[in-house]
Amino acid sequence: MRSRIQPSLQPLSSLLVVGLCLNWPAWAWSQAAATSATTGAGLGAVTTVFSFDASDNEDLAHPQTITVFDAPGAGTGPGQGTLGIAIHPAGAIAGAYIDDHYVAHGFVRAPSGALTTFDAPGAGTGRGAPGCVASNSCPGTVAWSINPAGEIAGQYLDANGVYHGFLRFAHGAIIVFDALGAGTGPGQGTYVSTVSGITPAGEITGFYADESSVEHGYVRTPDGAITTFDAPDAGTGASQGTYGCSINPKGQVTCFYVDASGLYHGYLRAPDGTITSFDAPGAGTSSGEGTSPANINPAGEIVGNYVDSSGVNHGLLRAPHGTITSFDAPGAGTGSGQGTFPASNNPAGAITGYQIDATGVFHGFLRNPQGWGSSR
C-alpha cells in the first residue's frame, strides 16, 4: 500500500475515502492518519473533514444521505477499520479493511449493501505495525480500482515485504501478476494505480520498483500482456524513475517521473507508447519540487498539482491540446506543504480534491467546469 505521491508533496496514506470520488474514472487519496489526528477520531470519522458547498453542484443541492458501513472483521482500534476506495457507476464499492492485527483485506460492497471480503493468494498474514496505514506497509490485500464490469485491480504485500498486483474478476477468481523486472526485496515489486487504475475494457496501469528500487511504469492488457515504459530523462537512482497513476478508456496514461536531480515532471503516454513530458508554469526547479499529475478523464483532461519554489502546492488542469491552467482553492494556505491538491476529474470535467489551510486543516473542494474558458 505504498503511496505514489512524492514525499515533498505531502505524503498521503494510499487508502482513500469514497467521498472524494466523482464517478469513474476518479482518483483520490485519503489522509487517513492526518485526518484522525485532526479530528481526534478514528478512521471511521474521516467524513467529518470534507465539506462541499451545495450551491456548486446541482446534485449536491438535494438532500444527501450518507451511509456508514464496516466490513466484518474490521478492527476497532486506532489505525484500524474500513476504508472505501473506489466506486463504479452502479454503486459497487471496492476497498480494504484493517483488522485488529493491522493486516489489510480486500472487500467489494454491492449496491444492495452486501459485502464480500477477500484476500489475494500469497498475501501476508503476519501482524503489521500500528502505523502501517500511514506508512503504506500493512501486510495483506488492498482493492484499488473497480471498473463497470465489476473487475477489481489491486495489490498485496506478501510475508517478505514484496508487492504484487492482482486482478479479481466479478465472479471472484483472482489472478496475481508481476511486471517483468520487478524487484523481490522489501518495498520492491509491482504496484497498481489507485481508483482509475483499470479501464472498462480491463487495461491496468501502475508501476514497479526494480531490484535497485528504481520505478518504472507499466500497462497490462486484458489478455495479461504487460508493457513497461520509462519517461525520457527519468532518473535511475532509488525512488527515482517513472510512476503510473491513471489510465482512461482510450488507453492514455498519466503520472509523473522523477529525474536524477529529484525534480518531478508530468507526462502523458499515448496508446501507441509516445510519451510527452510537461511542466506546469510556476513549478519549482529544485529537488522535491515540480509537477505531479494525478488523473486523466475520458476526454484527456489531466488534473494534479505542482509545487512552487516556496514549497506551496497549486492545482493544475492540462487540456487535451496541452494548455495548462493553474488554480487555488479558496482558503488554501500559502506556506510550505500547504495549498491545493486536486484528486480527480470526471467525464463532465468537474474536479474534486482537498486543500490544506494556513493552520494545517484539510478541506474538500469541488470545482465545476463553468468558467474554464479556453483551457478546455
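**View 1. Asp-233 in the loop between strands E12 and E13 of the predicted model.** The phi of Asp-233 is near 70°, a positive value in a residue other than glycine. Most residues other than glycine have a negative phi. Asp-233 is exposed, because its relative accessible area of 64% lies over the 50% cut-off.

**View 2. Tyr-102 in the loop between E2 and E3.** Tyr-102, which is not a glycine, also has a positive phi, here of about 60°. Tyr-102 counts as buried, because its relative accessibility of 8% falls under the 20% cut-off.

**View 3. The largest nonpolar core, with 34 residues.** The members that touch the most other members are Ile-98, Ile-146, Ile-152, Val-192, Ile-204 and Tyr-218. Several elements each supply at least two residues of this core, among them strand E1 (81-87), strand E2 (93-98), strand E3 (104-109), helix H2 (132-135) and strand E10 (204-209). Strand E5 (140-146) is also one of these elements, and the largest share of the core, 4 residues, comes from E5. In soluble globular proteins, nonpolar side chains tend to be buried together.

**View 4. The surroundings of Ile-204.** Residues up to four places away in sequence are not counted here. Beyond them, Ile-204 touches Ala-153, Leu-167, Phe-177, Val-192, Gly-197, Ile-198, Tyr-218, Val-219 and Arg-220.

**View 5. A second, separate core of 20 residues.** This core includes Phe-229, Ala-234, Val-258 and Ile-275.

Note on methods
Residues are numbered from 1 along each chain as its sequence is written. This is a predicted model: local features need pLDDT of at least 70, side-chain atom pairs count only at pLDDT 80 or more; totals for chains, interfaces and linings use all residues. Side-chain values use heavy atoms; hydrogens and water are left out. A nonpolar core is a set of buried Ala, Val, Leu, Ile, Met, Phe, Trp, Tyr and Cys residues joined through side-chain atoms within 4.5 Å. Buried means under 20% relative accessible area, exposed over 50%, partly exposed in between (1.4 Å probe, protein chains only). Contact means heavy atoms within 4.5 Å.
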